[in-house]
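Hi there,

Here is the structure I promised to hand over to you. Have a look around it first, and then read my notes below.

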Amino acid sequence: MATIVVMPQLGNSVESCIIVEWLVSEGDTVAVDQTLCSIETDKSTMEVPSTDAGTVLKLLWAEGDEVPVKDPLIILGEAGEAGEDISALVPSDSAAEEAPAPQDSPEAEAPEAPAPSFATTAANGAVSPRARALAGSKGIDTSSIAEGSGPHGRVIERDVQAVIAQGPAYTSAATQLGGTAVSGTGLGGRVTTADLLKPAPQPPAPLAATSADFPGASTTEKLKGVRKVVAQRMMASLQESAQLTLNTSANAQGLLALRKKLKNAEESLGLGKITLNDLVCYAVVKTLPKYPAFNATLEGLDFTLFEQVHLAFAADTPRGLLVPVIRSAQALSLKQFSAEAKRLASEAIEGTIAPDYLSGGTFTVTNIGSFGIESFTPVINRPQTAILGVAAITPRPVVTAEGEIGVEQRLGLSLTIDHQVIDGADGARFLKDLVRAIENIDVTVLA
């Protein structure tokens, strides 16, 4: 008997996933837990395992389609199983969501017709939203496509692209007249006799002197996936909060000395991989409990203060900016904190991190010091109320206690606060205590 494999629910915040690549084809035999396809959420790339064994009877979506979680994804069964049997497994409300909205016309006042089934033909409205948008932008009548290549004849984006590749349609009179045209001015972009009789445009006279094409080659593409989410969240952050950035620096001598000791520690202790960033972040975790307004979220007028520190950190990955969260960081030892940070960073880079570990942070640290940046303005990771930017360690001139000019290695720190709930003076106090914790890091890690 045929069964359905659905798009899995990948975390509480994920509503839909994009199919990146099918790893099976119709007619293939699959086993339980065999990978069916790779998918992309707005946060990570995952693989979908099969929840049943059998023969692939039908792939219900194409690569590039965005599929809501828990919607039918693929149909499995026995080889040669009747088409009527498998079509009955697909919920009819799938097409109802895809059907075009009713037009303002006298017919719209008539009693509402039953929702079309998933097998409705293109002429009756079974057109995916992406196909409909592309067809509308190109002036193509989707009802002219007898049957699409999507599930049960639904017209999908590649069907419209195929029509575009064939060139413009011709009116009957233009067909009899003969000739060709690149584009038409008739209904739906059809080529008319007037288009065929129109004199061919003459190429413009070459410019007297050109050093290069203007503006030159370029490409345009829609933002999608992680980049789209980052763009939306950065704009929302600046629009929804009153952001103020404070800059200072800390003497990094203690950090560098402790990092050297840990690196040279006996291998059995497992401390050699603790980084300077681990130490700075750990100092942040130890400082935050004294400043509840910094370990908080603001959503509308709801100001929530957290007892536990769920520290988020910005990770540069091949797919863009991700922000993993170290849960209950205040309860971890330095060694445990470092190990968890490396686990999350590695999974984020590989695209295997669980979506739930990319949400729920109460404070964020972003470190771009390795690029030589001395100070910057980090953007708050909403709905959090503050974010710390960690810059490079750079040599700065100082006057020693003996009155002589010396050189001191100093770590740049940039704190952005939401001035709606945190005053500038409070931000300065937080930085002052954080600087003290960093400059005395050997004591801080023991607290």
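**Helix H11**

Let's start with helix H11, which covers residues 424-439. Its 16 residues should span 22 Å at 1.5 Å a residue, and this agrees with its end C-alpha atoms, which are 22 Å apart. The expected span is 1.5 Å times one less than the number of residues in the helix. Helices (H or I, at least four residues) and strands (E, at least two) are DSSP runs, numbered from the N terminus.

Before going on, please keep in mind that this is a predicted model, where local features need pLDDT of at least 70, side-chain atom pairs count only at pLDDT 80 or more, and totals for chains, interfaces and linings use all residues. Residues are numbered from 1 along each chain as its sequence is written, and side-chain values use heavy atoms, with hydrogens and water left out.

Which residues of H11 are buried? They are Gly427, Phe430, Leu431, Asp433, Leu434, Val435, Ala437 and Ile438. Here, buried means under 20% relative accessible area, exposed means over 50%, and partly exposed is in between (1.4 Å probe, protein chains only).

A salt bridge is a side-chain nitrogen of Lys or Arg within 4 Å of a carboxyl oxygen of Asp or Glu. Because Arg429 and Asp426 are three residues apart in the helix, about one helical turn separates them. Arg429 is partly exposed, with a relative accessible area of 44%, and Asp426 counts as partly exposed at 29%.

**Salt bridges elsewhere**

How many salt bridges does the structure hold? There are 11. One of them joins the side chains of Glu40 and Arg319 (3.5 Å, N to O). This pair links distant parts of the chain, 279 residues apart: Glu40 is in strand E4 (residues 35-40), and Arg319 is in the loop between strand E13 (315-317) and strand E14 (320-322). Arg319 counts as partly exposed, at 22% relative accessibility.

Asp418 forms a salt bridge with Arg382, and their closest N and O atoms are 3.7 Å apart. Asp418 lies in strand E18 (residues 405-418) and Arg382 in the loop between E16 and E17, so the pair ties together parts that are 36 residues apart in sequence. With a relative accessible area of 0%, Asp418 is buried.

**Backbone details**

Arg382 comes up again here, as the peptide bond from Arg382 to Pro383 is cis, with omega near 10 degrees. Pro383 lies in the loop between strand E16 (363-367) and strand E17 (386-399).

Lys70 has a phi near 70 degrees, a positive value in a residue other than glycine. You will find Lys70 in the loop between strand E7 (66-68) and strand E8 (72-77). Is Lys70 buried or exposed? Its relative accessibility is 58%, so Lys70 counts as exposed.

Ser328 also has a positive phi, near 50 degrees, and is a residue other than glycine. Its place is in the loop between strand E15 (325-326) and helix H10 (334-350). At 22% relative accessibility, Ser328 counts as partly exposed.

**Confidence**

The protein chain averages a pLDDT of 83, and 80% of the residues score at least 70. Over residues 92-124 the pLDDT is below 50, and this stretch has 37 contacts in the model beyond near neighbours in sequence. The pLDDT is the predictor's confidence in each residue, from 0 to 100, and contact means heavy atoms within 4.5 Å.

Best wishes, and enjoy exploring!
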